[in-house]
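Trainee: I have a structure open with its sequence beside it, and I would like to work through it step by step with you.
Mentor: Gladly; let us look at it together and take one question at a time.

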Amino acid sequence: MPIFPETVSPRSPRVVAAAAFMLLLAAVPLVSNTIGESYHVTLVTRILVFGLAAVSLNLVLGYGGLVSFGHALYLGIGAYSVGILSFHGVTNGWIHLGVAVGLSALVSFLTGLVCMRTSGVAFIMITLAFAQMFYFLGVSLKQYGGDDGLSIPRRSDFSPLFSIQDNTGLYYFAFAVVAVTLYLSWRFVHARFGRLLLGTKSNLRRMRALGFPVLRYQVAAYVISGCICGVAGVLLANFTNFASPAYMYWTVSGDLIVMVILGGIATILGPLVGAAVYVILETVLSAYTQHWMVILGPVIVLIALISNRGLYGLLLARDAQGSESDAP
Amino acid sequence: MTWNLLVTQALNGLQYGVVLFLLAAGLTLVLGVMNFVNLAHGSFYMLGAYIAAAVFARTNSFLAAGAAAVLGTLVIGALVERTALRTFYARGHLDQVLATFGLILFFNELVRILWGASPVYMRPPDAFSGIVELLGFAYPSYRGLVIAVGLLVGAGLYLLIHHTRIGMLIRAGASNAQMVSVLGVNIRFVNTLLFGLGAAMAGLAGLMAGPIFSVQPGMGDNVLIAVIVVIVIGGIGSVRGAFYGALIVGVVDTVGRIYLPFVLRQVAERTVADAAGPALASMLIYLFMAVVLALRPQGLFPARR
């Protein structure tokens, strides 16, 4: 198993596939504006936003073995940061991002400390319960729309550097954030921190016996993951011009897990691939029938049953140097 | 804020707690014995309520509705276990969560196809539609019935688990399933039976909750989260913990929603209290859970192994 990224040949199938995938994403607005189908830009923006959230979830779920069923919470924190600040007249995007990341860090640190006191099933249940707690908090915020949510008249203002007021601008902003996050998570996974985290996933007791302050690393990973997901929430609010408690509903957390598993758990690019397939599947099914969930449900059961490596993971398995955690 | 209101709210809390217990007992048994996380447990609750409402509307007999709900969810639970979920016992929790998440989406949509998206009305049985006087307090008799049935089922479950042969097998399966199977017990059958029993108790809870809460798609989801809080507070795998946890959560949630805004008005300004009161009240059981976890990660009444 190659431990260092340098051992991956630039011509190996996974590098080629990953580069092709990213190039394809970069070209979407160009192509779709040329053929006049602006719908594709919004569809792929949606993929990028949920892909970013799935990538953040994968950091703890895939590499840390911490099954968080409450990551929608941070989508909500990000979205409400934009919504509530805009409501009070603060439109500066950098402030939105700063508040979203700061709040996500605070909440993930506090809930993380409590959640890490347990493991396994209890961890799943507690993350779920905490996310639902904030969902009910959002519902009871009557001055910010309560159940109905809060509409955002104008997207976050990043002038004079760039603008995300038009859909293409928002797309490239989301694309840039996703690309940077993918690169950073690649570095993260291959750094000492990432290796330690993988170690806690495979044998927590041994890592503890070796003298590593395991709790500190797990909480740190959880906070990093929460912050990235908070940024995804900022993007989501700008994408829909809306902040709603529904973003924090537990089915959204479930969707994110499906994306990670579908694309390939503990791979860098997998969650993004999973998000793409899942969002497209949702779109196709919902165009086909109003009751598309009755088909999607059994499909998810099948995904759980057969795909233990995910779509992108299958590609890695075919790779001659195949190892599941060192994908670009 | 009269004494009378406090007693009524405490009884409402007890009644909610009893419904939570019916759900939590099945979930925690399946979790403790099969080590299986069944998020779709709330779907059985929903199906129980829908079956009961449909049968009650046709036959006008609450007993028939009850029998249909309990037997119906028992059969559906056993079928789902046999066809879809059994393979996941040997898998990790992540796959189990994913599979049962898919089942929830399926059942919610199935109910929406069969009965529509709008809530179905279900009235209490005629014999229990009035008010009962108890030591000078007036209380709706149907809610009293719910409390009585819940406590009876709780007592029955205790007898079943601790004083019958099948209960002995269930307890044995929880401590060492492989050994029980080697001793010639059909452990797979015991598992299916236990899963069906849990589903039937969820169906019973749905039946009892039908006339009190609204019967609608997704009604099992929110109650499932409350049940999860119950299990975490009580201790995973412990039926005793589920019982006390359910009563605590039921009473804290119900009484907190009524009294917290009043208490806040005493200490804060009215506008602040009105804004923060409902928000804090809805977060109360989760904050309580966080405190319990911080002090006792294994829960208040952990299972004795």
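Trainee: What does the secondary structure of chain A come to, in helices and strands?
Mentor: Please keep in mind from the start that this is a predicted model. With that said, the secondary structure of chain A comes to 13 helices and two strands.

Trainee: How compact is chain A, given its 328 residues?
Mentor: For 328 residues the globule rule gives 20 Å, and the radius of gyration of chain A is close to that value, so chain A is as compact as a globular protein of that length. Along its principal axes, the C-alpha trace spans about 50 × 50 × 45 Å, and 52% of the residues of chain A count as buried. The radius of gyration itself is 19 Å.

Trainee: What radius of gyration does chain B have, and what would a compact globule have?
Mentor: Chain B has ten helices and two strands, and its C-alpha trace spans about 65 × 50 × 40 Å along the principal axes. With 305 residues, a compact globule would have a radius of gyration near 19 Å, and the value for chain B agrees with this, being 20 Å.

Trainee: In chain B, which percentage of the contacts between residues at least 6 apart in sequence join residues at least 24 apart?
Mentor: The elements of chain B follow the pattern α-α-α-α-β-β-α-α-α-α-α-α when they are read along the sequence. Among the contacts in chain B between residues at least 6 apart, those that join residues at least 24 apart make up 77%.

Trainee: How are α2(A) and α11(A) oriented to each other?
Mentor: Helix α2 of chain A covers residues 39-63 and helix α11 of chain A covers residues 270-288, and their axes come within 8 Å and cross at roughly 135°. An angle over 145 degrees would count as roughly antiparallel, whereas the angle here makes α2(A) and α11(A) oblique.

Trainee: Which handedness does the crossing of α2(B) and α7(B) have?
Mentor: The axes of these two helices of chain B, α2 (residues 41-59) and α7 (residues 187-209), come within 7 Å and cross at roughly 50°. The two helices are therefore oblique to each other, and their crossing is right-handed.

Trainee: Into which classes do the residues of that contact of α2(B) with α7(B) divide?
Mentor: Among the residues that make the contact are B:Phe44 and B:Leu47 of α2(B), together with B:Leu204 and B:Leu207 of α7(B). By class, the residues of the contact divide into twelve nonpolar, four polar and no charged.

Trainee: Which helix gives the most to the side of chain B that touches chain A?
Mentor: The contact takes 37 residues from chain B and 37 residues from chain A. On the side of chain B, α4 (93-115), α8 (219-234) and α10 (270-295) each supply at least two residues, and by class this side has 29 nonpolar, five polar and three charged residues. The helix that gives the most, with 16 residues, is α4(B).

Trainee: Which residues of chain B does A:Arg117 touch?
Mentor: A:Arg117 lies in the loop between α4 (93-115) and α5 (121-140) of chain A. Because a residue needs 20 or more other C-beta atoms within 10 Å to count as buried, A:Arg117, with 17 of them, is partly exposed. The residues of chain B that A:Arg117 touches are B:Leu293, B:Ala294 and B:Pro297.

Notes: Residues are numbered from 1 along each chain as its sequence is written. Chains are lettered from A and ligands numbered from 1 in the order in which they are written. This is a predicted model: local features need pLDDT of at least 70, side-chain atom pairs count only at pLDDT 80 or more; totals for chains, interfaces and linings use all residues. Helices (H or I, at least four residues) and strands (E, at least two) are DSSP runs, numbered from the N terminus. The radius of gyration is taken over C-alpha atoms; the globule rule is 2.2 Å times the number of residues to the power 0.38. A residue is buried if 20 or more other C-beta atoms lie within 10 Å of its own, exposed if 12 or fewer, and partly exposed in between; C-beta atoms are placed from the backbone. Axes are lines fitted to C-alpha atoms, for helices over the stretch in contact, and angles run from 0 to 180 degrees between N-to-C directions. Angles under 35 degrees count as roughly parallel, over 145 as roughly antiparallel, 65 to 115 as roughly perpendicular and the rest as oblique. A crossing is left-handed if the near helix is turned anticlockwise from the far one by less than a right angle, and right-handed if clockwise. Two residues are in contact if their C-beta atoms, placed from the backbone, lie within 7 Å. Ala, Val, Leu, Ile, Met, Phe, Trp, Tyr, Cys and Pro count as nonpolar, Asp, Glu, Lys and Arg as charged, and the others, Gly among them, as polar. Lists of a residue's contacts leave out its neighbours within four places in sequence.
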